[in-house]
Amino acid sequence: LAPALPRAWAMSSARTLRLQAFAGLGLLGFSGLLAMWGSGLIAGFACLASLLIGAAIVLPPITNAVLKIAGKLPRSPLGQWIVADTRQQVPALSLALMALLLALSANVGVATMVGSFRATFVGWLDQRLAAEIYVTARTPQEAEDIRRFAAPRTTAALPIWSVEATLLEQNVDIYGIIDHPTYRDNWPLLQATQDVWDEISTGQGVLVNEQFARRNGITVGNTLSVTNTWPLPVVGIYSDYGNPHGQLITALAPLEERFPNRPKLRFAYRIAPDQAGELARDIREKFNLPASAVVNQFDVKQMSLRVFDQTFLVTGALNVLTLGVASFALLTSLLTLSTMRLPQLAPVWSLGITTKTLSKIEFWRSLALAVFTWILSIPVGLALAWVLLSIVNVEAFGWKLPMYLFPTDWFRLGVLAVLAAAVACFWPIYRLRRVPSAQLLRVFSNER
């Protein structure tokens with residue numbers, strides 16, 4: 001009766017699987033409630049924990065339900081046995097499959113977050129660093145001399161001028177800009193009125209960055225007292241990734257009137273991109289400026305992207321590590337099963353199914369379970385990425401990132417999952433193929 005004992009145990013665990021399914025669905029529902037109505041960083045992390053634990057707990061019941069449906073499809077006795085035998089293995093493999101699901105979901109989620117962050121960051125740099133050259137002078141007179149020197153070769157000199165102020169009991173930087181197509185065509189606005197740039201150019205409105213707006217519940221249409229005697233309506237909110245401080249933008253002229261005698265040392269110059277390097281070099285040599293004082297737009301972007309890629313380099317190593325841990329868990333589970341499953345395999349072998357054929361069945365079954373887990377990991381990973389981008393990031397840093405999808409990365413991860421499963425099942429399958437016939441016959445030694 002030894003072959004029947006694991007099957008009887010698997011059937012008796014059906015009630016546990018049902019309870020497990022209810023617990024997992026409850027955690028997923030709780031995660032959804034926190035996503036919709038929760039607030040604060042702790043609620044964000046609780047939402048993440050409920051999502052991942054709930055998805056892991058609900059995996060074995062889902063796998064069992066799918067196998068139950070799949071058991072009605074094959075017509076041959078061998079096909080029906082393969083499905084039934086797989087259902088019997090689900091309880092023993094559940095922890096390994098949960099680990100694989102969590103590893104794959106984390107890979108999908110983190111890769112989506114980093115990819116979305118990078119795509120947004122590149123687009124944001126293109127908008128914010130629209131000018132070709134950025135120059136910082138040492139004195140106002142030097143700044144004026146540089147401006148006159150560059151004027152014949154440039155199409156515009158845009159002052160980068162700001163003052164510090166206290167607004168809503170917070171320190172903010174208020175920037176003054178001139179009316180120029182550089183801002184109208186490139187500035188990254190999240191919300192804005194219809195005539196936002198006309199209102200800014202005439203000094204009848206103010207832009208605020210996303211961080212300041214979120215911290216203080218500011219929306220377009222609210223009025224801010226930039227000074228005690230200078231109230232301005234908020235006509236737009238712009239993205240300002242990476243900046244933890246509050247920032248406002250309005251017209252340069254009225255800002256100068258209220259904050260006189262502030263030196264203008266920084267300018268952005270518009271020039272044909274192919275001439276930017278030559279002009280930057282000439283300004284640096286003419287006025288004996290250090291390299292950091294004359295910056296080419298291209299160099300700034302490349303440096304920023306290098307810093308970004310270096311910052312998230314560790315995520316790739318962590319992804320490999322989690323997938324390796326999940327593969328090891330799958331290997332140990334399969335090794336344990338390989339020593340316990342001879343009573344189930346011996347009757348099939350005695351009916352004429354060779355150990356070579358049985359090892360192939362084991363191999364393809366392991367790959368099928370890995371592919372099924374990978375399929376389930378995609379929606380879990382995307383939900384993880386959404387929570388990270390839309391909840392945790394907002395609560396931690398004050399800005400929200402758009403979410404982009406990268407299907408190519410999903411399929412690459414699927415290939416890695418299949419390879420991990422193949423490596424994990426290699427040794428158990430090798431042992432199965434080399435099981436002596438006498439050891440399989442010994443299973444029947446106590447039969448009556």
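Colleague: At which residue does H3 bend?

Modeller: This is a predicted model. Helix H3 covers residues 41–70 and reaches 42 Å from its first C-alpha to its last, close to the expected 44 Å. The helix still has a bend of about 35°, with Pro 60 following within four residues, and the bend is at Leu 59.

Colleague: Is Thr 112 buried or exposed?

Modeller: Thr 112 is a residue of helix H4. Buried means under 20% relative accessible area. Thr 112 has 2% relative accessibility, so it counts as buried.

Colleague: Leaving aside neighbours within four places in sequence, which residues is Thr 112 in contact with?

Modeller: Contact here means heavy atoms within 4.5 Å. With the neighbours within four places in sequence left out, the contacts of Thr 112 are Leu 382, Ala 385, Met 403, Tyr 404, Phe 406 and Trp 410.

Colleague: Which element gives the most to the lining of the largest pocket?

Modeller: The largest pocket holds about 750 Å³ of space. Of its 34 lining residues, those closest to the centre include Arg 128, Tyr 134 and Arg 266. Elements that give two or more residues include strand S1 (133–136), strand S4 (170–177) and helix H11 (297–311). The most, five residues, comes from H4.

Colleague: How many charged residues are in the lining of the second largest pocket?

Modeller: This pocket has about 320 Å³ of space. Its lining has 14 residues, with Asn 107, Asn 319, Asp 409, Leu 413 and Leu 416 nearest the centre. H4, H12 and helix H15 (407–433) each supply at least two of the lining residues. By class, the lining has seven nonpolar residues, five polar ones and, as charged residues, two.

Colleague: Which helices each supply at least two residues of the lining of the largest cavity?

Modeller: The structure holds two cavities of 30 Å³ or more, and the largest has a volume of about 90 Å³. Its lining includes Thr 86, Leu 334 and Arg 365. The helices that each supply at least two lining residues are H4 (77–128), H12 (313–340) and H14 (355–397).

Colleague: Which element gives the most to the lining of the second largest cavity?

Modeller: The second largest cavity has a volume of about 40 Å³. Among the residues that line it are Asp 179, Tyr 183, Trp 197 and Ser 201. Two or more lining residues come from helix H6 (181–186) and from helix H7 (196–201). With three residues, the element that gives the most is H7.

Technical notes: Residues are numbered from 1 along each chain as its sequence is written. This is a predicted model: local features need pLDDT of at least 70, side-chain atom pairs count only at pLDDT 80 or more; totals for chains, interfaces and linings use all residues. Side-chain values use heavy atoms; hydrogens and water are left out. On a 1 Å grid over the protein atoms alone, a cavity is a set of points where a 1.4 Å probe fits but cannot get out, and a pocket is an open set with protein on both sides within 12 Å along at least five of seven lines; lining residues have an atom within 4 Å of a point. Grid points are joined across faces, edges and corners, and a volume is the space filled by probe spheres set on the points. The expected span of a helix is 1.5 Å times one less than its number of residues. The bend at a residue is the angle between axes fitted to the seven residues ending there and the seven starting there. Buried means under 20% relative accessible area, exposed over 50%, partly exposed in between (1.4 Å probe, protein chains only). Ala, Val, Leu, Ile, Met, Phe, Trp, Tyr, Cys and Pro count as nonpolar, Asp, Glu, Lys and Arg as charged, and the others, Gly among them, as polar.
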